[in-house]
Amino acid sequence: MNLVNLENVAKSYGPSPLLDAVSLGLDEGDRVGVVGRNGGGKSTLVSVLARETEPDDGRVTHARGLRLGLLSQRDEFPAAATVRSVVLGDRAEHEWAGDVRARDILGGLLADLDLDAPLAGMSGGERRRVALARLLVPESDLLLLDEPTNHLDIEAIDWLARHLKGRKDALLVVTHDRWFLDEVTDRTWEVVDGQVERYEGGYSAYVLAKAERSRIAAATEAKRQNLLRKELAWLRRGPQARTSKPKFRVDAAQALIADEPPARDSVELTRFATARLGKTVFEVEDATVEVGDPARAIFERMTWRLGPGDRVGLVGVNGSGKSTLLRLLDGSVRPAAGRMVRGKTVQLAHLTQDLEDLDPARRVLESVEEIRRRITVGKREWTASQLLERLGFPGDRQWTPVGDLSGGERRRLQVLRLLMGEPNVLLLDEPTNDLDIETLTEVEDIFDGWPGTLVVVSHDRYFLERVTDHVVALLGDGRVSMLPGGVDEYLERRASGRAPKPAAARPERAAAPAEAPKPKGGQEWKARKELDRLERRLEKLAAQEGELHEKLAAHATDYAKLQELDGRLKEIQAEAASVEEEWLMLAEDIG
């Protein structure tokens with residue numbers, strides 16, 4: 001059954017049309033992901049489909065009685081609204097409490113929120129979860145979601161993907177989260193140059209299909225140009241004797257692989273990073289960090305080391321201290337106890353979530369060149385103009401005043417200005433905010449060849465897997481925990497209850513869980529003895545890891561030795577993660 005249909009729809013906000021004679025439809029069971037450049041017309045398409053925006057030309061038709069749910073990018077609520085009034089309305093408690101789906105949605109999105117809490121003053125992530133719950137609780141035939149993962153942490157994104165996969169509603173979603181697209185969609189629409197190009201499959205299939213279309217188009221253009229050259233030659237020389245034509249055969253898969261960017265060479269990058277950074281980058285020992293008034297300890301006796309060339313993804317629930325940890329590394333937060341050592345050769349750049357203040361009258365290219373005109377990334381030298389073009393600022397756009405840029409464009413400019421300073425340590429706090437997929441892939445390609453130490457906080461699992469080599473987590477216990485299994489291990493720990501929630505995220509009205517029986521008498525003594533043994537083992541492993549980092553620096557030019565040491569380092573890090581997990585479980589048991 002057809003739910004929504006567009007016939008020759010056109011819509012413009014200026015001289016260039018965002019939609020130009022677009023005809024398409026959504027049927028029952030459709031699962032469509034929408035991609036495209038920022039400002040290319042994705043949100044306009046959603047608004048037209050929902051009949052929130054009237055097209056300049058063409059017709060939009062809805063099936064009779066269509067139950068349509070729309071999530072826009074802006075979460076707007078009535079004044080003095082509470083979570084309960086927005087999500088549940090006037091429904092009696094026994095009514096929604098008996099609804100399995102409503103309970104699942106409230107538990108998945110709003111478990112840490114008081115239903116009677118006012119929405120005024122809530123964070124962007126909390127307001128987004130309330131807006132999603134309001135949309136998902138009622139029955140729907142079609143859901144139109146515009147950037148549903150904005151402001152959500154990894155756990156909420158994972159829950160939302162699982163929930164949507166279990167619903168029978170038709171779905172159209174606009175998002176730059178490529179992992180999310182692969183999880184919930186089976187068709188992809190690309191909005192480009194006023195048209196909507198359609199592809200079968202989720203994001204991964206779309207990438208392959210688009211590359212194949214580009215290859216075919218390139219082959220067709222080459223063939224046309226070859227025919228033109230032959231025609232010109234005939235006009236100049238006259239008819240020639242016929243000869244056998246060379247056979248043209250292209251292996252499509254091989255052509256795609258040939259264009260694949262090279263895999264990141266970790267050993268080579270570590271060698272470069274060590275040459276730039278020396279042996280020491282950051283060493284945090286027994287550090288206690290407090291925030292707020294009254295002071296609350298975010299980290300207690302935390303020990304963590306970062307070596308040259310380490311590429312680390314940092315995950316944790318909102319409020320667990322991810323941004324605080326980055327500020328500890330950049331020196332803007334000092335530990336209340338313990339010590340923090342920073343290498344003498346560290347040249348640090350910190351990308352925060354806030355957009356830096358730039359002179360709105362300056363041109364884009366000028367604001368980059370005032371830092372540096374050219375830099376070397378890996379083995380290649382780039383000019384400021386070339387990097388701007390890679391990040392979505394073509395020739396004319398480079399002369400746009402900064403004040404006329406969108407949020408996503410200002411974010412790209414912020415990233416590039418940091419890179420032009422040629423730092424050897426990068427701290428990135430949510431670098432993917434406001435970036436479209438094409439820009440994200442360019443940013444990832446640049447970071448792939450960037451030699452230095454990298455710490456990334458992001459809810460974008462695809463981005464983390466692409467640019468980092470291992471993942472650490474803040475699990476609410478005041479420590480940094482290694483996760484050999486990456487984001488999947490983090491979600492498994494959170495789901496199994498092995499990771500305590502940070503104090504800021506605990507629900508005010510939540511019932512206290514039943515306490516597990518604690519060891520008593522001789523059992524408790526044995527448990528504490530085992531706890532001491534595990535702590536000593538962790539200290540030895542940390543010392544061995546530090547020694548290996550020094551050996552890596554000492555053998556920076558010996559590739560074979562570097563590979564051997566890198567393998568040993570990974571073994572020690574995996575063992576440390578296992579011992580740390582055992583320590584955490586035992587510490588919980590003895591309280």
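Accessible areas here come from the Shrake-Rupley method with a 1.4 Å probe, and for residues only the protein chains shown count as cover. On that basis the protein chain has an accessible surface of about 30,000 Å², and carbon and sulfur atoms contribute 48% of that surface. The model is predicted: local features need pLDDT of at least 70, side-chain atom pairs count only at pLDDT 80 or more, and totals for chains, interfaces and linings use all residues. Residues are numbered from 1 along each chain as its sequence is written, and side-chain values use heavy atoms, with hydrogens and water left out.

**Overall composition**
- The protein chain contains 19 helices and 20 strands, taken as DSSP runs (helices H or I, at least four residues; strands E, at least two) numbered from the N terminus.
- Of the 591 residues in the protein chain, 46% are buried (under 20% relative accessible area, 1.4 Å probe, protein chains only).

**An open sheet**
- Six strands, in the order E14-E17-E18-E12-E19-E20, make up an open sheet with mixed pairing; strands pair if DSSP finds at least two bridges between them.
- Its edge strands, E14 (348–351) and E20 (481–483), each pair on one side only.
- Strand E14 pairs with strand E17 (residues 425–429) in the parallel sense over four bridges, and His-350 stands opposite Leu-427 in E17.

**A helix pair**
- Helix H4 (residues 100–109) packs against helix H5 (residues 124–136) at an angle of about 170°, with axes 10 Å apart; axes are lines fitted to C-alpha atoms over the stretch in contact, and angles run from 0 to 180 degrees between N-to-C directions.
- H4 and H5 are therefore roughly antiparallel to each other (angles over 145 degrees).
- Arg-101, Ile-105 and Leu-109 in H4 meet Arg-129, Leu-132, Ala-133 and Leu-136 in H5, with contact meaning heavy atoms within 4.5 Å.

Notes
Buried means under 20% relative accessible area, exposed over 50%, partly exposed in between (1.4 Å probe, protein chains only). Angles under 35 degrees count as roughly parallel, over 145 as roughly antiparallel, 65 to 115 as roughly perpendicular and the rest as oblique.
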